[in-house]
Amino acid sequence: MAVVATAAMSGKRAEPGAALAIGLGANLPTPLGDPCNTLVAARPALCQLIESWAGVVCELCWSPLFRTAPVGGPPDQPDYLNAAVLVAAPLQPSVAKARELLAALHQLELRFGRERLERWGPRTLDLDLLWWGELYCDRPELQLPHPRWHQRGFVVAPLLAIEHRWGAALPVPAGFAPLEELLAASEDAPPQQITTALLGW
């Protein structure tokens, strides 16, 4: 995946690095409106966050939005809207930079009213760092690749949509099956792609 060659501020050429993937989800309203409005508003904020973190303009490839049934957590919570973005980060993967990015993602969640009250509970905005190249980390504050990403249809379906748009296999971490196989093996209810045109997405 190519990296935009214009570096922020300096104008220097950015060296290619490893792609990273971020998952997005929401199923509670915010003052901005329903989860769809929230994700549309969060998209440019996430672009700005990534550029600030990387220090250069990165190429981002976005999935469409999907409506998905909740997995785990309290019963009777609303359906989710989910998406994913693949980022060509012109940095070499490191635990320190991954932790920095994850902390920034959590701060963005807070800006949109995220409260962590119960495991797998409903949320206004959820941002998950799914993987960054072949970086492996198993710490309480950071696990990469993200646990169970490959088992969750609401994660795999948006990634597969990116793959179809990209026209080539996504660079998933080594040891995982192709996305088509992962989605077919998922026991989750199949996510439903939202096909209507949405302003800002």
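How many of the 14 residues of H3 are buried? The points below take up this question and the surrounding architecture.

1. Basis of the note. This is a predicted model in which local features need pLDDT of at least 70 and side-chain atom pairs count only at pLDDT 80 or more, whereas totals for chains, interfaces and linings use all residues. Residues are numbered from 1 along each chain as its sequence is written, and side-chain values use heavy atoms, with hydrogens and water left out.

2. Overall architecture. The protein contains four helices and eight strands, in the order β-α-β-β-β-α-β-β-β-α-α-β from the N terminus. Both kinds of element are DSSP runs numbered from the N terminus: helices are H or I with at least four residues, strands E with at least two. Of contacts (heavy atoms within 4.5 Å) between residues at least 6 apart in sequence, 74% join residues at least 24 apart.

3. Burial and surface. Of the 201 residues, 46% are buried. Buried means under 20% relative accessible area, exposed over 50%, and partly exposed in between, with a 1.4 Å probe and protein chains only. The protein exposes about 10100 Å², with carbon and sulfur atoms supplying 54% of that area; accessible areas come from the Shrake-Rupley method with a 1.4 Å probe, and for residues only the protein chains shown count as cover.

4. Helix H3. In H3, 10 of the 14 residues are buried, so the helix is largely enclosed by the rest of the structure. H3 (residues 153–166) reaches 19 Å from its first C-alpha to its last, close to the 20 Å expected, the expected span being 1.5 Å times one less than the number of residues. Gly167 follows H3 and has a positive phi, near 85°.

5. Nonpolar cores. A nonpolar core is a set of buried Ala, Val, Leu, Ile, Met, Phe, Trp, Tyr and Cys residues joined through side-chain atoms within 4.5 Å. The largest has 39 residues, and Leu20, Ile22, Leu24, Leu46, Leu105, Leu129 and Trp132 have the most contacts inside it. E1, H1, E4, H2, E5 and E7 each give two or more residues to this core, and H1 provides its largest share, nine residues. Apart from this core lies another, of 17 residues, among them Cys61, Trp149, Val156 and Leu170.

6. Beyond its neighbours within four places in sequence, Leu46 is in contact with residues including Ile22, Trp62, Val85 and Leu127. Ala41, also in H1, is partly exposed at 27% relative accessible area. Ala41 touches Leu32 and Phe112, not counting residues up to four places away in sequence; the C-alpha atoms of Ala41 and Phe112 are 9.4 Å apart, although 71 residues separate them along the chain.

7. Thr68. This residue lies in strand E3 (residues 66–68) and is buried, at 4% relative accessible area. The side chain of Thr68 makes a polar contact with that of Asn82 at 2.5 Å. Such a contact is a pair of N or O atoms within 3.5 Å; within protein, one must be able to donate a hydrogen and the other to accept it, and residues adjacent in sequence count only if both atoms are side-chain atoms.

8. Cysteines. Cys61 is buried at 12% relative accessible area and Cys137 at 5%. A search of the whole structure finds zero disulfides, a disulfide being a pair of cysteine sulfur atoms within 2.5 Å.
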